Amino acid sequence: MKGAVYERLHSNLQALSLFTVDRNLDTTLEATVKAGKSFLETLDELAEQELKARRALSTETRIKLAGFPVRKTLEEFDFDFQSSIDPAAIRELATMRFVHNAENAILLGPTGVGKTHLAIALGIEAARAGISVTFVTATQALAKLKQATERGILERALRNLCRSKLLIMDELGYHPLDREAAHLFFRIIENRYERASTIFTSNKVYSEWGEVLGDAVLASAALDRIVHHSTTISLRGDSYRLREKRRAGTPTPVIPLESRANRPLHHERKGAR
Ligand code: ADP
Ligand code: MG
């Protein structure tokens, strides 16, 4: 009799897709009986376990769908090494209030200072908070849109690129954009303006974006929209990669690090609503 009940319960839990309850039933029952917990407490514990497992699974799915090149977290970021930024500014972004308000975040600075690390880490925080994320490099995204234009499916590709609540566009400015790429970039900005958030990373300061886009008028129209509701984080200092290499005793190429250190430092929050 008892055996039949046990079998039926397991098969019902499976049918209801309560897989974690099904898997943890025996151990949880044993533990709660031992601890003298009530039926209600046991039920509550099992429901909590199920919910926790489902949340973790959907976070993992969102992280996979985002297309991060590597996994980086805020916990791994050494704020003592990257002392040019205020950890509070990053913590504020990590609350995801900026995504809720469809604002942007722009991480500026030379190579190796942690821009991509922070952008990915914020993307992972978004995934943890239940927000859909897409990670692309500017070069990748614009090449895809160019191809889509040739195939006559630009609108669909643009919708697809902009489908997530948070878009992370990495490495803007590493390659100058040709006329078509600059217009496609503007389409992305227009699409997301006051609708959804984007995190940009760039090695170019704003005054150099005209050169990157190859068109001063287009650059100022794009920048206007990007920074209208935004937070800018300027990172300075030495490359973390070079420090790691130096520590390992590998000879490093000579790079004028002094010029990096003299960049202006500013955290600005514009047009906060
Ligand atoms: P950027 O995008 O600014 O060129 P990255 O974010 O790619 O630099 O950083 C280069 C490498 O150094 C990555 O492996 C990154 O995880 C690491 N890194 C950079 N800054 C830090 C930091 N402050 N703490 C921990 N790791 C860092
Ligand atoms: Mg980078």
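## Who lines the largest pocket

In this predicted model, α6 is the top contributor to the lining of the largest pocket, giving four residues. (Helices are DSSP runs of H or I with at least four residues, strands are E runs of at least two, and both are numbered from the N terminus.) Both α6 (115-128) and α12 (240-247) put at least two residues into that lining.

A pocket here is an open set of points on a 1 Å grid over the protein atoms alone, where a 1.4 Å probe fits and protein lies on both sides within 12 Å along at least five of seven lines; lining residues have an atom within 4 Å of a point.

The largest pocket holds about 480 Å³, a volume being the space filled by probe spheres set on the points. Its lining splits into eight nonpolar, six polar and six charged residues. Gly counts as polar and Tyr as nonpolar in this scheme.

## The second largest pocket

Here the space comes to about 340 Å³. Of the 16 lining residues, Lys144, Leu145, Ala157, Asn160 and Leu161 sit nearest the centre. α7 leads with six residues, and β2 (133-137), α7 (138-150) and α8 (154-161) each bring at least two. By type, the lining has eight nonpolar, four polar and four charged residues.

## Ground rules

Residues are numbered from 1 along each chain as its sequence is written, and chains are lettered from A, with ligands numbered from 1, in the order written. Local features need pLDDT of at least 70 and side-chain atom pairs 80 or more, while totals for chains, interfaces and linings use all residues; side-chain values use heavy atoms, leaving out hydrogens and water.
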